[in-house]
Amino acid sequence: MSAILSVGRGSRRYRGWILPIAAIAVWWLASNQGWSQSGLFVSPEKVAATAWDQMASGKFWRAISASLARNLSGFFIGTTLGLVLGCLLGLSRYFERLVGPSFNTFKQISLFAWIPLISVWFGLGDVAKVVFLSLAALVPVVVNTCDGLRNVPPNLLEVARVYGFTRWQTIIGVMLPSALPSIFTGLYLALVYSWLATIGAEYLLVSGEGIGNTLIDGSEHFMMDLVLFGMVIIGLVGWGLNALARTLERRMQRLYGIAPR
Amino acid sequence: MLNNGLTLENISKRFASRPGSSTQLQVLDNIQLDIAPGEFISIVGASGCGKSTLLRLILGLDEEYDGRILLDGKPIDGTGLERGIVFQDHRLFPWLNVEQNVAVGLKNSPLSARQKRDTVREHVELVGLHDFIDAYPHQISGGMAQRVAIARGLVNRPSVLLLDEPLGALDALTRARLQGELQNIWLKEKITMILVTHDVDEAVFLGDRVVVMQPNPGRIRRIVDIDLPRSRNRSDSRFIALRDDVLSDFAELH
């Protein structure tokens with residue numbers, strides 16, 4: 001009985017693999033049996049061969065490093081500005097009244113609606129892309145930093161008053177640490193959004209190298225193997241960034257006693 | 001007239017019944033109390049009698065009231081390190097460990113870094129938590145967290161320690177043990193303590209005097225001297241008689 005149960009428990013971990021493996025199996029079967037004669041229907045083997053070719057020729061490495069460099073520079077610029085703006089909004093009533101309404105209107109504008117303006121101002125090159133990415137990373141960081149600082153428990157602020165904390169000591173010693181989980185949520189979202197926006201920027205501001213350009217090349221030349229390879233890579237990088245952020249977030253939550261150990 | 005101790009002169013306090021409303025709610029009405037240095041005062045009363053509000057005024061968190069609060073003959077001005085507090089919820093900072101949480105009390109004390117460290121350690125030992133000095137609040141029990149809060153309240157060596165139902169959220173066994181510990185700390189440190197509680201047994205067990213308050217508006221009903229030697233025995237007939245006497249005030253109110 002217990003053996004059956006333990007098998008059940010062990011298999012549960014791998015249950016998530018069933019669907020993708022089944023899909024690849026059906027795909028492979030379909031292409032091997034010749035279910036479709038369309039030139040746009042490629043076999044898994046062809047995608048694997050293209051993947052190998054892309055890596056061996058160095059094209060893939062140039063594309064991925066261009067995309068990641070863009071992604072990270074946008075992420076750092078956007079989060080840095082976002083942290084500054086979020087802290088000012090969260091800490092200063094005056095600044096909040098001055099800038100808050102404008103920011104709240106600004107964040108309602110869909111990110112992609114900025115593309116025409118950005119392309120006119122900054123062209124289609126790396127500068128334009130990084131500006132777009134920074135914008136994508138900025139908004140969640142501002143919103144969550146500001147919320148975290150506004151929602152510091154009043155009980156803890158009273159403790160600071162009892163022990164005569166100055167304004168500065170209260171900000172550094174109570175408000176920022178208390179807001180840290182929320183600030184981290186903002187950084188996490190920024191990391192995820194900026195990768196989504198990287199592909200969007202490469203696709204909409206077409207020029208130069210990047211994984212998004214790999215997709216465009218594939219689709220322009222009807223090379224579905226290249227398109228599929230690009231999609232797999234985009235998914236894997238997204239998954240990796242997500243996993244990295246989750247690990248850091250869990251570690252921080254454990255320190256704060258938020259997540260169960 | 002006491003000139004060093006805590007004096008409450010004609011304290012009255014009103015709240016607007018609703019924000020922005022002109023109708024006022026009288027929360028405290030003409031509270032008069034002289035507390036000698038080193039005295040243990042227990043304040044009991046039904047909820048709504050203003051006992052916790054009174055502590056907030058003494059602490060200096062709320063400065064809008066009529067009357068005067070004098071400490072050592074001088075009116076208090078805002079919060080001050082000579083007045084410590086233990087709240088009902090421990091209010092420890094979740095991102096600091098036990099030692100760092102106690103050290104919060106000394107953030108603005110004039111002691112040197114070394115003296116601060118020694119004083120913090122001393123107070124962690126005083127509440128019996130030296131084995132947990134590196135633990136974080138979520139890793140320790142509610143009773144232990146409340147002891148850390150007591151250590152934080154004491155670490156400045158305040159002349160007055162205010163206790164706002166500090167044991168109210170704990171289970172009966174832990175509460176009884178901490179009442180004993182609180183008494184030992186008071187005997188050792190010889191500072192003034194003002195305990196707000198709704199537990200009459202606790203008030204009589206710890207207090208030199210028990211101040212009974214009643215609501216609408218919050219005022220002092222009477223003050224009962226507890227003239228029993230320490231440590232007190234809860235099954236002593238005199239203890240029981242005093243406790244029943246105080247309890248009778250509540251029976252009439254209902």
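1. Helix α4 of chain B (residues 142-154) has 13 residues and reaches 18 Å between its first and last C-alpha, close to the 18 Å expected at 1.5 Å a residue. The expected span is 1.5 Å times one less than the number of residues. Helices are DSSP runs of H or I with at least four residues, strands are runs of E with at least two, and both are numbered from the N terminus.

2. This is a predicted model: local features need pLDDT of at least 70 and side-chain atom pairs count only at pLDDT 80 or more, while totals for chains, interfaces and linings use all residues. Residues are numbered from 1 along each chain as its sequence is written, and chains are lettered from A and ligands numbered from 1 in the order in which they are written.

3. In α4(B), 10 of the 13 residues are buried (20 or more other C-beta atoms within 10 Å of the residue's own, with C-beta atoms placed from the backbone). Among them are Val148(B), Ile150(B) and Leu154(B). Their cover includes α3 (113-126) and α5 (172-189) of chain B.

4. Chain A has 11 helices and 0 strands. Its radius of gyration, taken over C-alpha atoms, is 24 Å, well over the 18 Å that the globule rule gives for 261 residues, so chain A is more spread out than a compact globule. That rule is 2.2 Å times the number of residues to the power 0.38.

5. For helix α3 of chain A (residues 44-57), 14 residues should span 20 Å at 1.5 Å a residue, and the end C-alpha atoms are 20 Å apart, which agrees. Gly58(A), with a positive phi near 90 degrees, follows α3(A).

Note on methods
Buried ≥ 20, exposed ≤ 12 C-beta atoms within 10 Å, placed from the backbone. Contact = placed C-beta atoms within 7 Å.
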